[in-house]
Amino acid sequence: ACAILAIALLLSCRPGSGNKSRLLIYTPHGQDLLKDFVTRYKQQHPDVDVQFLDMGSREVLERVRVEKGRPQADLWWGASHTTFQTAADENLLLEYRPTWADKVPADSRDPNDRWYGTYKTPQVIAYNNEAVSAAEAPHDWDDVLDPKWHDKILIRNPNPSDTMRAIFGAMIWRFYKDTGSTDKGYEWLRKLDANVHEYTADVTLLMKKLARREGLFGWAMVSIGL
């Protein structure tokens with residue numbers, strides 16, 4: 001399952017402290033990635049005070065809905081294309097055409113310039129290679145259901161995460177498309193749940209726990225540029 005992450009909701013830089021303008025970003029991308037991008041951005045724009053709120057994509061959508069009458073964010077960076085399109089359909093996003101617009105495929109952007117995809121994120125199984133060898137590690141999704149992995153799996157909480165909603169939906173769809181029923185898909189998820197040690201609040205926490213061997217496996221994302 002691939003979730004397209006995009007840039008949208010460009011409003012305007014607001015005055016900040018002193019002579020700096022403030023750029024407020026809502027994003028699910030995690031502290032490590034955000035700090036790197038902020039550092040690189042400020043090298044080119046030292047007069048901008050960049051701030052961000054790190055939260056799940058669905059949490060961003062709910063926040064933007066609440067703030068419709070008085071928007072607070074300048075930029076929304078990171079969500080699935082379906083979530084961005086929902087926001088666009090609810091008139092929560094303003095039109096903005098970036099300089100690189102013509103480099104994005106038509107199926108990865110909004111025709112009215114309200115959101116643009118920046119990369120696709122195939123899902124992979126991440127594991128602690130100091131605790132599990134490559135030969136032992138699961139090589140396919142069904143492998144993680146093996147009872148020997150009981151209490152060994154870490155998963156990002158799916159409620160606020162477009163990424164996990166996409167992968168869970170894909171697991172249900174793989175059976176539904178052949179049977180017309182969701183039963184086998186939900187049975188698969190129940191077996192997975194039996195092996196889950198914890199549903200972490202975010203990806204950053206998941207990776208830290210994986211490094212500490214609080215779990216041996218987790219779902220992670222690999223970014224592929226559009």
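## Asparagine 128 and its surroundings

Leaving aside its neighbours within four places in sequence, asparagine 128 is in contact with Leu210, Ala211, Arg213 and Leu216 in this predicted model. The residue itself lies in the loop between strand 6 and strand 7 (153-156), and with a relative accessibility of 8% asparagine 128 counts as buried.

## A second residue with positive phi

Asparagine 91 likewise has a positive phi, here of about 60 degrees, although it is not a glycine. This residue belongs to the loop between helix 3 (81-89) and strand 6 (115-127), and at 59% relative accessibility asparagine 91 counts as exposed.

## Confidence along the chain

The mean pLDDT of the chain is 85, and 88% of its residues reach 70 or more. Confidence is lowest in strand 1 (residues 2-8), where the mean is 41, and highest in helix 5 (residues 183-195), where it is 95.

Over residues 1-13 the pLDDT stays under 50, although the model has 72 contacts for this stretch beyond four places in sequence. The pLDDT is also below 50 over residues 221-226, a stretch that has 24 contacts in the model beyond near neighbours in sequence.

Helix 5 has 13 residues and spans 19 Å from its first C-alpha to its last, which is close to the 18 Å expected at 1.5 Å a residue. Its buried residues are Gly185, Trp188, Leu189, Leu192 and Asn195. Seen down the axis of helix 5, these buried residues fall within an arc of 110 degrees, and they therefore line one face of the helix. The face turned away from this buried side carries the exposed residues Asp183 and Arg190.

In soluble globular proteins, nonpolar side chains tend to be buried together. The largest nonpolar core of the model has 19 residues, and those with the most contacts inside it are Ile153, Ile155, Phe168, Trp188, Leu192 and Phe217. Strand 7, helix 4 (162-179) and helix 5 each supply at least two residues of this core, and the largest share, 5 residues, comes from helix 4.

Phenylalanine 217 has contacts, apart from those with neighbours within four places in sequence, to a set of residues including Ile125, Tyr127, Val132, Pro138, Trp149, Ile153 and Leu210. A second, separate core has 15 residues, among them Leu61, Ala79, Phe84 and Leu93.

## Salt bridges

The structure holds 13 salt bridges. In one of them the side chains of arginine 65 and glutamate 62 meet at 2.6 Å, N to O. Arginine 65 and glutamate 62 are 3 residues apart in helix 2 (residues 57-66), and they are therefore separated by about one helical turn. Arginine 65 is partly exposed, with a relative accessible area of 30%, and glutamate 62, at 42% relative accessibility, also counts as partly exposed.

Arginine 63 forms a salt bridge with glutamate 67, in which the closest N and O atoms are 3.1 Å apart. Here arginine 63 is partly exposed, with a relative accessible area of 35%, whereas glutamate 67 is buried, with a relative accessible area of 14%. A further salt bridge joins glutamate 214 to lysine 209, with the closest N and O atoms 2.9 Å apart; glutamate 214 is partly exposed at a relative accessible area of 29%, while lysine 209 counts as buried at 11% relative accessibility. Through shared partners, salt bridges join Glu198, Lys209, Arg212 and Glu214 into one network.

Technical notes: Residues are numbered from 1 along each chain as its sequence is written. This is a predicted model: local features need pLDDT of at least 70, side-chain atom pairs count only at pLDDT 80 or more; totals for chains, interfaces and linings use all residues. Side-chain values use heavy atoms; hydrogens and water are left out. pLDDT is the predictor's confidence in each residue, from 0 to 100. Helices (H or I, at least four residues) and strands (E, at least two) are DSSP runs, numbered from the N terminus. Contact means heavy atoms within 4.5 Å. A salt bridge is a side-chain nitrogen of Lys or Arg within 4 Å of a carboxyl oxygen of Asp or Glu. Buried means under 20% relative accessible area, exposed over 50%, partly exposed in between (1.4 Å probe, protein chains only). The expected span of a helix is 1.5 Å times one less than its number of residues. The arc is that of the directions from the helix axis to the C-beta atoms. A nonpolar core is a set of buried Ala, Val, Leu, Ile, Met, Phe, Trp, Tyr and Cys residues joined through side-chain atoms within 4.5 Å.
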